[in-house]
Amino acid sequence: MAEMIAVHDLVKNYGEFCAVNHISFTVAEGKIFGFLGPNGAGKTTTIKMLTTVLDPTSGKILVNGHDPTRDQKQVRRSFGIVFQDPSLDDELTAYENMDLHGILYGVPHAERVKRIDMLVDFVGLGDRKKDLVKTYSGGMKRRLEVARALLHNPRILFLDEPTIGLDPQTRNHIWSYIQQLSKEEGVTVFFTTHYMDEADRVAGDVAVIDHGKIVAQGAPAELKERTKCANLEDAFIALTGHAIREEEANAMDRMRMMGRAWRGGGRR
Amino acid sequence: MKAIYILCMRQLKRYVRSPARIIGSLGQPLLFLVALGFGFRSMFAKAGGGNYINFLSPGIISMAILFNAVFSGIEIIWDRQFGFLKETLVAPVSRLEIVFGRMLGGAIVAMAQGTVVLVICVIAGFRIQNSLLVPLAILFMFLIALLFTGIGTVFGSVLQDMQGFPLIINFLIMPLFFFSGAIFSADGLPKALKFALRLNPLSYGVDGLRGACSSVYAYGLATDLIVVTLLTAILLGVGSYFFSKIQL
């Protein structure tokens with residue numbers, strides 16, 4: 001089967017700090033791949049490099065056969081993404097957010113209208129699609145983002161902690177749809193999560209990354225066997241240790257705090 | 001092209017949907033118009049300067065456009081914070097299309113604000129001498145708007161957060177406004193200040209707009225038009241360049 005994502009000897013340095021340290025892995029077409037690791041391990045940095053928004057220091061990446069640093073357009077056309085942080089325009093309605101996405105991705109008008117209606121209904125937002133996104137709860141925004149990522153029929157779906165803040169019902173609903181997409185339409189899924197039960201249930205293969213290095217790779221069952229643990233959460237802790245990670249607040253975090261202070265009460 | 005259109009439309013929708021911003025950003029130009037316009041009117045007339053409201057209004061209109069345009073550009077920082085920027089940066093459209101859509105939308109918003117201020121100025125007694133030159137006035141308003149949206153885009157692309165914003169307002173935007181000939185003419189200024197006025201891109205915008213409204217130029221229509229058009233083209237290019245270099 002074709003490799004949809006191939007990463008070879010990938011490195012990302014921020015000055016002295018090495019965020020991603022010589023990692024390699026491949027994801028075959030139609031597979032669901034879980035990328036697991038503690039906070040600050042390098043998951044999001046890796047996703048940024050795979051999705052063309054961050055240039056690697058060295059190493060080679062192929063996404064759907066294209067190099068994200070050179071053939072950006074081809075790579076971008078291949079994937080849909082749900083970011084770790086919200087990425088909707090709060091001042092637009094759900095429908096307008098979807099429509100804008102469809103236009104940016106060149107989805108023809110008739111198909112756009114049809115798919116938007118289908119997808120917002122699917123995530124249970126059909127009767128709220130004309131409302132401004134700023135009136136949505138965190139979970140509703142998350143669902144809308146998942147719907148939006150699917151709008152242009154991507155071959156690869158990147159999900160950076162997609163189910164954070166969602167109740168078990170919604171999580172199950174979304175995962176079963178994603179599993180169905182992967183099975184029936186051969187969509188490749190690359191996701192990160194902190195819910196190990198979720199990774200155990202849906203991922204065909206996982207890689208565990210810690211301090212920028214991949215410390216284990218394989219099917220969840222293999223990892224459990226290797227570490228002699230009953231569940232993936234214990235296996236994960238056996239592989240990465242008990243220490244709680246400190247992430248340094250970046251400029252964005254500082255600004256969010258300031259934004260909250262200025263705008264009174266925070267918007268999420 | 002569709003990407004430019006939809007991103008431009010987005011800016012306009014956001015503008016129309018926030019009456020607080022529309023009214024809020026009228027406060028400052030209104031204050032300047034009333035306080036300076038009526039405060040210095042008789043002094044200006046006694047000194048032989050003529051109708052001060054007619055002199056001041058193009059300056060106040062330029063001011064409204066300046067602030068709104070820079071702000072529209074700097075909005076990139078908010079989009080970065082609230083995440084929408086990422087959505088556009090991973091889309092299969094060139095950064096150039098994205099930034100052009102944004103700048104066009106930002107410039108139109110700034111123009112709209114300038115037009116509202118123009119109406120207020122007319123209510124306060126401002127008169128355009130030659131209505132045939134109104135298109136020329138609109139052209140200058142649009143060029144000022146584009147030029148400063150470009151400058152705002154540079155800052156919005158380079159800055160990571162809003163910490164530097166007061167710095168930009170107090171040490172760049174306010175001086176640009178005060179030393180542009182918006183509220184006083186260059187005649188009789190100390191040499192150094194006169195020179196500063198000549199270096200300020202807004203001076204040519206204000207002069208062009210004032211000339212179109214009252215047919216009196218300090219630098220001449222051709223100079224104004226050439227300087228402002230050239231600078232606008234350069235700033236749009238520089239803004240696009242910095243925007244294209246954004247990494248998340």
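Which residues have the most contacts inside the largest nonpolar core?

1. In this predicted model, the residues in question are Ile65(B), Leu66(B) and Ala145(B), and the core to which they belong has 137 residues. Helix α5 of chain B, residues 52-81, supplies the largest share of this core with 17 residues. In soluble globular proteins, nonpolar side chains tend to be buried together.

2. Ala145(B) deserves a separate look: leaving aside residues up to four places away in sequence, Ala145(B) touches Ile65(B), Ala69(B), Ala107(B), Ala110(B), Met111(B) and Gly114(B).

3. Where the chains meet, 30 residues of chain A are in contact with 24 residues of chain B. On the chain A side, α2 (72-78), α3 (94-104) and α10 (251-263) each provide at least two residues, and α10(A) gives the most, with seven residues. By class, this side of chain A has 15 nonpolar, four polar and 11 charged residues.

4. Strand β6 of chain A, residues 156-160, is mostly covered, with five of its five residues buried. Ile156(A), Phe158(A) and Asp160(A) point one way from β6(A), while Leu157(A) and Leu159(A) point the other way. In a regular strand the side chains alternate between the two faces of the sheet.

5. As for its neighbours, β6(A) runs parallel to β5(A), residues 79-82, through four bridges, with Phe79(A) opposite Ile156(A). Five bridges join β6(A) to β7(A), residues 188-192, also in parallel, and Leu159(A) has Phe191(A) as its bridge partner there. Together with helix α6 of chain A, residues 168-185, β6(A) and β7(A) make a right-handed β-α-β unit.

How values were computed:
Residues numbered from 1 in each chain as written. Chains lettered and ligands numbered in written order. Predicted model: local features only at pLDDT ≥ 70, side-chain atom pairs only at ≥ 80, totals over all residues. Contact = placed C-beta atoms within 7 Å. Nonpolar A, V, L, I, M, F, W, Y, C, P; charged D, E, K, R; others polar. Core = buried A, V, L, I, M, F, W, Y, C linked by C-beta atoms within 7 Å. Buried ≥ 20, exposed ≤ 12 C-beta atoms within 10 Å, placed from the backbone. Pairing = 2+ DSSP bridges. Right-handed = clockwise from strand over helix to strand, strands pointing away.
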